[in-house]
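I opened this structure to look up a few things and noted what came back. The entries follow in the order I made them.

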Amino acid sequence: EHLTNDEVWRCGRCADFRPATKKIELWRAPPVLFVQLKRFYYNGHSLSKIPKLVIFPLEGLDVAPYSADTAPPGPVYDLYAVLNHFGGLS
(Lines give C-alpha, C1' and ligand atoms only; values in the text may rest on other atoms or scores of the structure.)
Protein backbone atom coordinates (compact mmCIF):
# COMPACT_ATOMS: atom_id res chain seq x y z
CA GLU A 1 0.00 0.00 0.00
CA HIS A 2 1.48 3.34 -1.04
CA LEU A 3 0.97 5.94 1.66
CA THR A 4 -0.54 9.24 0.54
CA ASN A 5 0.90 12.70 1.18
CA ASP A 6 -1.30 12.86 4.29
CA GLU A 7 0.33 9.66 5.60
CA VAL A 8 4.02 10.32 4.91
CA TRP A 9 6.58 8.53 7.04
CA ARG A 10 9.16 10.32 9.21
CA CYS A 11 12.62 8.94 8.50
CA GLY A 12 14.39 7.71 11.65
CA ARG A 13 17.79 8.85 10.35
CA CYS A 14 17.21 12.35 8.94
CA ALA A 15 13.78 13.12 10.56
CA ASP A 16 12.46 14.22 7.16
CA PHE A 17 8.99 13.25 5.96
CA ARG A 18 9.27 10.75 3.08
CA PRO A 19 6.83 8.93 0.80
CA ALA A 20 6.58 5.31 1.88
CA THR A 21 5.01 1.95 1.17
CA LYS A 22 3.36 -0.11 3.90
CA LYS A 23 3.41 -3.90 3.70
CA ILE A 24 1.90 -6.46 6.05
CA GLU A 25 2.88 -10.13 5.78
CA LEU A 26 1.92 -13.29 7.63
CA TRP A 27 4.84 -15.17 9.17
CA ARG A 28 2.71 -18.17 10.07
CA ALA A 29 -0.90 -18.94 9.12
CA PRO A 30 -3.18 -19.59 12.10
CA PRO A 31 -5.52 -22.61 12.22
CA VAL A 32 -8.51 -20.22 12.36
CA LEU A 33 -8.24 -16.88 10.57
CA PHE A 34 -10.24 -13.87 11.77
CA VAL A 35 -10.46 -10.94 9.35
CA GLN A 36 -11.63 -7.53 10.53
CA LEU A 37 -12.15 -4.83 7.92
CA LYS A 38 -11.70 -1.15 8.68
CA ARG A 39 -14.97 0.21 7.31
CA PHE A 40 -14.65 3.88 8.26
CA TYR A 41 -12.54 6.87 7.31
CA TYR A 42 -11.79 10.28 8.72
CA ASN A 43 -12.94 13.01 6.33
CA GLY A 44 -11.17 15.83 8.16
CA HIS A 45 -14.07 16.62 10.51
CA SER A 46 -15.61 13.33 11.57
CA LEU A 47 -15.58 9.57 11.05
CA SER A 48 -17.77 8.22 8.26
CA LYS A 49 -18.67 4.65 7.31
CA ILE A 50 -17.43 3.32 3.98
CA PRO A 51 -20.51 2.14 2.04
CA LYS A 52 -18.69 0.05 -0.61
CA LEU A 53 -19.63 -3.59 -1.12
CA VAL A 54 -16.95 -6.07 0.00
CA ILE A 55 -16.38 -9.11 -2.20
CA PHE A 56 -14.91 -11.99 -0.19
CA PRO A 57 -14.53 -15.64 -1.25
CA LEU A 58 -16.82 -18.15 0.44
CA GLU A 59 -14.34 -20.97 -0.12
CA GLY A 60 -10.68 -21.37 -0.95
CA LEU A 61 -9.03 -18.23 0.50
CA ASP A 62 -5.30 -18.85 0.02
CA VAL A 63 -3.18 -16.45 2.08
CA ALA A 64 0.12 -17.50 0.44
CA PRO A 65 0.36 -14.22 -1.57
CA TYR A 66 0.20 -12.31 1.75
CA SER A 67 2.76 -14.49 3.53
CA ALA A 68 6.44 -13.78 4.07
CA ASP A 69 8.83 -15.60 1.74
CA THR A 70 10.13 -17.63 4.71
CA ALA A 71 6.63 -18.61 5.95
CA PRO A 72 5.69 -22.30 5.80
CA PRO A 73 2.75 -23.16 3.54
CA GLY A 74 -0.52 -22.45 5.33
CA PRO A 75 -4.04 -23.76 5.10
CA VAL A 76 -6.63 -22.61 2.58
CA TYR A 77 -9.59 -21.04 4.42
CA ASP A 78 -13.36 -21.31 3.90
CA LEU A 79 -15.71 -18.63 5.19
CA TYR A 80 -17.60 -19.82 8.26
CA ALA A 81 -19.40 -16.75 9.62
CA VAL A 82 -19.92 -13.02 9.06
CA LEU A 83 -20.64 -10.34 11.63
CA ASN A 84 -22.07 -7.21 10.04
CA HIS A 85 -22.53 -4.04 12.12
CA PHE A 86 -25.43 -1.82 11.12
CA GLY A 87 -25.84 1.71 12.38
CA GLY A 88 -23.60 4.63 13.20
CA LEU A 89 -20.13 4.69 14.67
CA SER A 90 -21.34 5.74 18.10
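I looked for a charge over a ring and found the charged end of K38 over the ring of F40, 5.6 Å from the ring centre. The rule I used asks for NZ of Lys or CZ of Arg within 6 Å of the ring centre and within 35 degrees of the ring normal.

Before going on, I noted that this is a predicted model, in which local features need pLDDT of at least 70 and side-chain atom pairs count only at pLDDT 80 or more, while totals for chains, interfaces and linings use all residues. Residues are numbered from 1 along each chain as its sequence is written, and side-chain values use heavy atoms, with hydrogens and water left out.

I turned to pockets. A pocket here is an open set of points on a 1 Å grid over the protein atoms alone, where a 1.4 Å probe fits, with protein on both sides within 12 Å along at least five of seven lines; lining residues have an atom within 4 Å of a point. Volume is the space filled by probe spheres set on the points, which are joined across faces, edges and corners.

For the largest pocket I got a volume of about 1200 Å³. I listed 26 lining residues, with V35, Q36, L37, V82 and L83 nearest the centre of this pocket. I sorted its lining into 19 nonpolar, three polar and four charged residues. Nonpolar covers Ala, Val, Leu, Ile, Met, Phe, Trp, Tyr, Cys and Pro; charged covers Asp, Glu, Lys and Arg; the others, Gly among them, are polar.

The second largest pocket holds about 470 Å³. Its lining includes E1, K22, K23, F56 and Y66. I counted seven nonpolar, four charged and no polar residues there.

Next I checked for disulfides (cysteine sulfur pairs within 2.5 Å) and counted zero. C11 is in none, with the nearest cysteine sulfur, that of C14, 3.7 Å away.

C11 is buried at 14%, and C14 is partly exposed at 39%.

Last, I looked at D78, which is exposed at 53% relative accessibility.

Key
Buried means under 20% relative accessible area, exposed over 50%, partly exposed in between (1.4 Å probe, protein chains only).
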